[in-house]
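Hello,

Here is the structure I promised to pass on. Please open it first, then read my notes below.

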Amino acid sequence: MDRTQTATAVRAQGVDGFARAWARAIAGASFPDAPRVDVERWLHGLSERLVDIVLREPFVARDAADIAAALLEHTYGASDVLAATIEVCGTHLRTALESAPGPELTDRIAALQGAFARGYTHALRERILADQDLIHRAARRATTERVQLIFSAPTVGIVVADESGRIQDSNDAFARMVGVSRARVIGRSLPDFAHPDDAARLAAALADQRRGPATRPHGETRLRSETRLGGPDGGVVRAELSTSCQFSGGRCEVQLTLVTDVTDRHQFQESLRYQARHDALTGLPNRIALGERVDELTARGQSRRIGLCFVDLDRFKAVNDDLGHEVGDRLLVAVSARLRATLTDGQMLVRMGGDEFVLLLADTTGIEDVTAVAARVLAALAEPILLGSHVLTVGASLGLVESEVLEGDFDDLMQAADRSLYRAKDAGRGRWVVFDADHDSGQANRHVLAPMLASAVRDDEFVVHYQPIVALGPGRTRSMVGAEALVRWRHPRFGLLPPEMFLGSAENNGQIAALGRRVLELACAEAARWRIDHPGYARYVSVNLSVGQVRAPGLVDEVDRILVATGLPADLLQLEFSEAMLLGPTGDVTRVLGDLAERGVRLALDDFGTGYAHLARLHRLPLHTLKLAGPLVIRDGDAAADPGTATTLHALVALGHALGLIVTAEGVETENQVERLRRARCDAAQGYLFARPLPPERLRAWLSSEALLAPAQSGS
């Protein structure tokens, strides 16, 4: 059975198992008269949709909101349905899919639970508003007997006020909400019962409605309840309000407000939020809470110094194997308490899963801050732990890192700490190791990486970063016209590796075609997203082609397929090839390039000017762009030392323009270089002066900031 068949079989089994667990969880409360087999059959379709969301690429958690709304529609908002569903997602969905090849499930299921809860509560709110509208309409046309029947509603509070907002009548449900008798409600205004922070806003909204029929306040507010003052909610009732007025002669005669107590819903939402961000066993924050804390520290682009202490218990597996998982769980709880005791202000302890913990230190001053924490951790775990009749000693290995961090850099910092942890274990355990970039890069040499390439391609461990290409307009006007896609290997042990560490090996061992195809898919999908997010802004993506890709059969068909699948117009894809590709017989290469150009794909000759290209061939190639090699961009000081460098630059740009090509310079690092390129009439440039290669989300932020500028032209 191949990988696709395996994935299909696992998915089908997962759907069946999850649907059965889901039916058991909610059948009794939500479908009291229906056989469980019927409930399971109905839930099977929703289970298929949930499993599809978890396994689908790209993963989009918010799609679960529609499934939540469908569940609400069929269960009529039964109070325990959402809680049971969230619980069964956490306990059964991962188990049902644990043998599925592909994505890491833990984070996806946590995100799915959050999106499901948001979708369910949103749909529930819409239903409440619809029910309130029905009561409004019924009250307007009701007889006296029917009004009394409506007023007797046991759960919906009803308040009737006059033209000044003074309450003329209310039902018992509202009186119970605010904890007073109906007699004490009459003659007061609804804002009198509101929380002090909400009273003024509520009073203004109600007054606006009484002045004219155009407004009808809907929304939530907080009410004070005298009977709940000593409770855990501090005497606050969360209430959903819906208000309307009866006008006569342009004057409000009666103002009717329906009040629904949604306190339980809020408490449940807070409970879900807590559960999604905390480990169920130890009560510690989890990786989701860690990510949110780091986002908070690096918000608005500010840099912060952050330290990490990655902790992995040394002998935990032996405890599980010899004494059982129950003792193992008790040990984790005890270890968590020991680690908590080492914390000081500004530090956060997180359980990552299994026997792994992370201590986050904010606003560190150097690695010494982290080593001090590491010393406390090892000392705390050196003391034996008594669990019933068992006396256990468990040590730990620690990986440490300390660095200045910007938004989006934290994943790399985590990987650095993780790699240091591996070194600590290799060195004999029971110690810490500080991250050493030089040692790490030496360890991840090409000979070590080469055998891992096939599985890395299969497991989709490669990501693409994007370096903006900007037009060299007048002054400092530099609109982004495109971006070069640059592959990175997100290695599970060595972290984010640059292409020079693995592309040569991929070319030699036959993996380059599959890797190149994946890079092309990711890059085209990302460029299609730019086009959707910013309509009217034509920005291309530039992808490098290797010799192996061009000479392998089927490249043109692959490009056709990817463009159709992503919806990217052909003229927004630029394919770069090097001058070395033109050495030797070029018949097949020229034919492939010609077929691509006929489809409208841009072609760029990369690293132009390094001495390989036969100039006589240039005019026969279907080129769109010349990319000047980095060494040809004049460094500061070169012009004075060798005036001929400026002449060479001008000549190469003029040659490109004479052939009708766009000329782009690479490796630009200073404003002086930009000025020299402008004088040479170079069209565009890229380099560290403008931006380093950026992860997709950071490039999208770049594009959003550019949205205020005039749209870039696709031909630049």
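The chain has 28 helices and 21 strands. Helices (H or I, at least four residues) and strands (E, at least two) are DSSP runs, numbered from the N terminus. This is a predicted model, where local features need pLDDT of at least 70, side-chain atom pairs count only at pLDDT 80 or more, and totals for chains, interfaces and linings use all residues. Residues are numbered from 1 along each chain as its sequence is written, and side-chain values use heavy atoms, with hydrogens and water left out.

**Burial and contacts**

Of the 716 residues in the chain, 47% are buried (under 20% relative accessible area, 1.4 Å probe, protein chains only). Take contacts (heavy atoms within 4.5 Å) between residues at least 6 apart in sequence: 67% of them join residues at least 24 apart.

**Cores**

A nonpolar core is a set of buried Ala, Val, Leu, Ile, Met, Phe, Trp, Tyr and Cys residues joined through side-chain atoms within 4.5 Å. The largest one holds 80 residues. Which of them touch the most other members? They are Val541, Leu573 and Leu575. Helix α20 (residues 512-533) gives this core its largest share, nine residues. A second, separate core has 37 residues, among them Trp22 and Leu124.

**A hairpin**

Strands β1 (residues 156-161) and β2 (residues 167-170) run antiparallel, joined by three bridges. Two strands pair if DSSP finds at least two bridges between them. Ala161 has Ile167 in β2 as its bridge partner. Five residues lie between the two strands of this hairpin. In the turn, Gly165 has a positive phi of about 90 degrees.

Best wishes

Terms used
Buried < 20%, exposed > 50% of the residue type's maximum accessible area, 1.4 Å probe, protein only.
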